[in-house]
Amino acid sequence: MVKRPRVPRATPLRESNPPDIQGGRRRARDPAQPALPFDPMPDRIEPCLALLKTAAPSGPDWIFEIKWDGYRLAVHRDHGKVRIITRGGHDWTHRFPTILATAKALPVGTAILDGEAVVLDEMGRSDFNALQQALGGRSGKRSAAEAIFIAFDLLYFDGHDIRGLEQESRRHLLEDLIPLEADGGIRLSQEIEGDGPAIFAAAAEHGLEGIIAKRRDEPYRSGRGGEWLKIKCIQSDGFAIIGYEKSTAAFGGIGRLLLAAMKDGKLKYVGGVGTGFNERSATDLRKRLDKIVVAQPVVATGKKTGVVWVRPELVAEIEFRAWTADQKLRHSSFKGLRAPEDEPTIFEIGREQ
């Protein structure tokens, strides 16, 4: 996998030594030169979401990146003041000190970066479990100093809303702001040149979660419109926890979680998961489950005994390989809990995500 060479430009998009962006005296503007109006800086931008597909597209209209497994964030920098906003619109600036410090040092006055907060393993792959553990669960009281920000789009730049520019032009501006060799708290998601199916095969071979395909000539649009696609090597999504089977030998006393997905607007039992727990995650999960116990299951699960039923308030991120003929999860593994206040989505059977 090689990176697409950048198209040479006659002049750089930004000066190598930019003027003082914090204010101060500047040379008087030439009256003959038209003034470019500044765009108000948005308080928040709804993110562009990738549409799930089973196969990678081919052709020159697409560019590709690795799919990162972390928390979607937007980093807002406004003349030294930085806000880090989650996909759901919550301010988590205090939870990512390394990203915050790096954002304050960016050589730009105003900018909004779109990307993913991740913790990398020893192979350089994003590790969702490690990120959740670094944040100390979902209490919001702990920070993840080891988390870094992988930037993959630039939405606002030096006073201008650039969402209307095509993907390739936004990418050029992003590369000017964050060089490829950057290895600190904010890094660039590398663009990969090649045929989509071949890139996907290589990603699967290297144990990555998947790839993202982006239409080269499209502007940035909020929502899931198909400008971006995600193709997963390993399927992963959110499922409602409706109960758990007790075990005296397992971590936290949880032998198996029972799960449900949405179908035709209602919850449907889709099987369970009994792997992927560690002592810390299982103990925390057990405490939370025991606060929402109910007498009867919320969906039909067949004849089951020894189950503690709960209200479907917690959404688990579940990694799985396939579905059985009767729509049950196969080879599933628990990855962590999704934040109900930030991304409470539950997998919907029969609908592309």
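**Exercise 1. State which residues the salt-bridge network around Glu65 links, and describe the bridges of Glu65.**

Solution. Glu65, Arg171, Glu175, Glu191 and Lys214 are joined by salt bridges into a network. The model is predicted.

Step 1. Take the contact of glutamate 65 with arginine 171: a salt bridge whose closest N and O atoms are 3.9 Å apart.

Step 2. Take the contact of glutamate 65 with lysine 214: their side chains form a salt bridge at 3.0 Å, N to O. Lysine 214 is in strand 10 (residues 210–215), 149 residues apart from glutamate 65 in strand 2, and this pair too links distant parts of the chain.

Step 3. Check burial, for which the cut-off is under 20% relative accessible area. Lysine 214 has 2% and is therefore buried. Glutamate 65 has 3%, so glutamate 65 counts as buried. Arginine 171 is buried as well.

**Exercise 2. Decide whether arginine 44 and glutamate 46, which meet in a salt bridge, are buried, partly exposed or exposed.**

Solution. 

Step 1. The side chains of arginine 44 and glutamate 46 form their salt bridge at 2.9 Å, N to O. A search of the whole structure finds 20 salt bridges.

Step 2. Arginine 44 has a relative accessibility of 33%, so arginine 44 is partly exposed. Glutamate 46, at 41%, is therefore partly exposed too.

**Exercise 3. Classify the ring pair of phenylalanine 239 and phenylalanine 320.**

Solution. 

Step 1. The whole structure holds 12 aromatic pairs. In the pair of phenylalanine 239 and phenylalanine 320, the ring centres are 5.8 Å apart and the planes stand at 80°.

Step 2. Planes over 60 degrees apart count as edge-to-face, so at 80° this pair is edge-to-face.

Step 3. Phenylalanine 239 lies in strand 12 (residues 235–246) and phenylalanine 320 in strand 16 (residues 315–320), 81 residues apart; the pair links distant parts of the chain. Both phenylalanine 239 and phenylalanine 320 are buried.

**Exercise 4. Find which charged residues sit over the rings of tryptophan 92 and tryptophan 228.**

Solution. 

Step 1. Over the ring of tryptophan 92 sits the charged end of arginine 95, 4.5 Å from the ring centre. Trp92 is also linked by ring pairs into a cluster with Tyr71, Phe96 and Phe128.

Step 2. Over the face of tryptophan 228 lies lysine 214, at 4.1 Å from the ring centre. Lysine 214 also belongs to the salt-bridge network of Exercise 1.

Key:
Residues numbered from 1 in each chain as written. Predicted model: local features only at pLDDT ≥ 70, side-chain atom pairs only at ≥ 80, totals over all residues. Heavy atoms only, no water. Phe/Tyr/Trp six-rings, centres within 6.5 Å; stacked < 30°, edge-to-face > 60°. Helix = DSSP H or I, 4+ residues; strand = E, 2+ residues; numbered from the N terminus. Buried < 20%, exposed > 50% of the residue type's maximum accessible area, 1.4 Å probe, protein only. Lys NZ or Arg CZ within 6 Å of the ring centre and 35° of its normal. Salt bridge = Lys/Arg side-chain N within 4 Å of Asp/Glu carboxyl O.
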